Amino acid sequence: MSDTYYNPKDLKKFEDVGEFGPELAEKFFDYYGAVFEEGALTAREKALIALAVSHTVQCPYCIDAYTTESLEKGASEEQMMEAVHVASAIRGGSSLVHGVQMMNKTKDLSM
Amino acid sequence: MKSLKTLEHKLSDPAYQLDVLNNYSEALKNQPKFKEKLEEIDLSPLKPTGIEIFQMNVGYMCNMTCKHCHVDAGPDRDEVMTKETFEQCLEALENSGVETVDLTGGAPEMNPHFRWFVEEASKLGKHIIVRSNLTILTTAPKYQALPEFFAEHGVEVTCSLPFYSKSRTDRQRGEGTYDKSVEALKKLNEIGYGKDDTDLELNLVYNPAGAFLPGDQENMEKEFKRQLDRKHGITFNNLFTITNLPISRYLNFLMESGNLEEYMDRLITSFNPAAAKGVMCRDTISIGWDGTLYDCDFNQMLEMPVADNAPQHISEWNELKLNNRQIKVNQHCFGCTAGAGSSCGGTTAE
């Protein structure tokens, strides 16, 4: 048993998650592979989106993988940082926009 | 920055480099050997398909000291090809069907016989490629006139530009490199290089500025073209993506940054049989500054000359024997067979 929740070496074991349920894993990986194929969006754009989402879901494995992937796809440091700021803006904004609910409720309750 | 050789760094010893790649840790010791991978796909022993490219390393002297340089070149290196060796190269070329001469270094332009040789090889009707670091074309006046000289002789200019951004380029190749490179590229464009309406071919070479692999060549080329045009109005013909091979200064970086095992693992797990079939050592011969013959520029830096049953020196040129030699391989060769493959002309897998 690992003494930490996250071990960088576990990233390489991602494909092994099919060990306890191969059919669903196979479906997932087929879908996953198709999502990241070059399409209306370039592979580089998809890597940057994945990098941003990785920060939103705060997945260390994903951040590790999509930092490398973004570099390999030719993204610049500036582009990668901008992607992280997009994630931050949405995360921050999603909290802040609920402030409207708080304000509405406050007004409902107030004399 | 000084070369590993001047620093008397232990990685300046090719035997030590090979030992590191094979035995540095238990993980590296247990990795499959390149030769075994070739055996699995019936490609061992690796044999030439016929020499098409005559690659001459005319010296390790360079005006730059890039962090990733597999040659360990720099201003403190004084190995340069003599006129006598150049003449032996011309004699071999005269007696050969090889059509392409690929000049590399160091900065090949710094060899005192460089211009003379280009003129002579040009007279033989050979297609000449010069691998320029670009910055040399913006230094002393004698180098500033080279773009016109290249154009006059129809020389193909293939230049290093690790990235389209200043920060990443300068980090890898030294402060000020990006601006000087842009200046040189603009000059080459001005005289017709990289333009659709001329035959003056201008190619860029991308290699990753770190412990990761190059991306898809076609997509990288599109992005380089878009960014360089947008930022500077620069155009070029092709982008060649090259994987960094784990030797010399790049090996030093991998070890110092703790990336060696993971990088080797990445190269090995990305082994591509199609890329292996197209490795450049099969159609290229590499001539060292002192005339010694090698299977490629990387084997040259690891002091692994061609097999014993082939001519060892350019003065003994024998194409038939060279075409029948066995190519020497070791763990660094995984760098040329990962993913889409890597060679001086970019990817190799079809």
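Colleague: Which element gives the largest share of the lining of the largest pocket?
Modeller: This is a predicted model, where local features need pLDDT of at least 70, side-chain atom pairs count only at pLDDT 80 or more, and totals for chains, interfaces and linings use all residues; side-chain values use heavy atoms, with hydrogens and water left out. Residues are numbered from 1 along each chain as its sequence is written, with chains lettered from A and ligands numbered from 1 in the order written. Helices (H or I, at least four residues) and strands (E, at least two) are DSSP runs, numbered from the N terminus. With 10 residues, the largest share of that lining comes from α3(A).

Colleague: And which chain B element gives two or more residues to the lining of the largest pocket?
Modeller: Chain A brings α1 (22–35), α2 (43–56) and α3 (60–72). E262(B) and R266(B) are among the residues nearest the pocket's centre, alongside L11(A), K12(A) and A65(A). The chain B element is α12 (260–269).

Colleague: How many charged residues are in the lining of the largest pocket?
Modeller: Ala, Val, Leu, Ile, Met, Phe, Trp, Tyr, Cys and Pro count as nonpolar, Asp, Glu, Lys and Arg as charged, and the others, Gly among them, as polar. Of the 39 lining residues, 20 are nonpolar and 5 polar, and the charged ones number 14.

Colleague: What volume does the largest cavity have?
Modeller: On a 1 Å grid over the protein atoms alone, a cavity is a set of points where a 1.4 Å probe fits but cannot get out, while a pocket is an open set with protein on both sides within 12 Å along at least five of seven lines; lining residues have an atom within 4 Å of a point. Points join across faces, edges and corners, and volume is the space filled by probe spheres set on them. There are 2 cavities of 30 Å³ or more, and the largest holds about 660 Å³.

Colleague: Which strand gives the most to the lining of the largest cavity?
Modeller: The cavity has 35 lining residues, with H68(B), H70(B), V71(B), T104(B) and S160(B) closest to its centre. In chain B, β3 (127–132), β4 (156–160), α11 (248–256) and α14 each supply at least two residues. With 3 residues, the top contributor is β4(B).

Colleague: How many nonpolar residues line the second largest cavity?
Modeller: That cavity has a volume of about 120 Å³. Its 15 lining residues include C281(B), C296(B), C333(B) and C336(B), which lie nearest its centre together with V279(B). Beside 2 polar and 1 charged, the nonpolar residues number 12.
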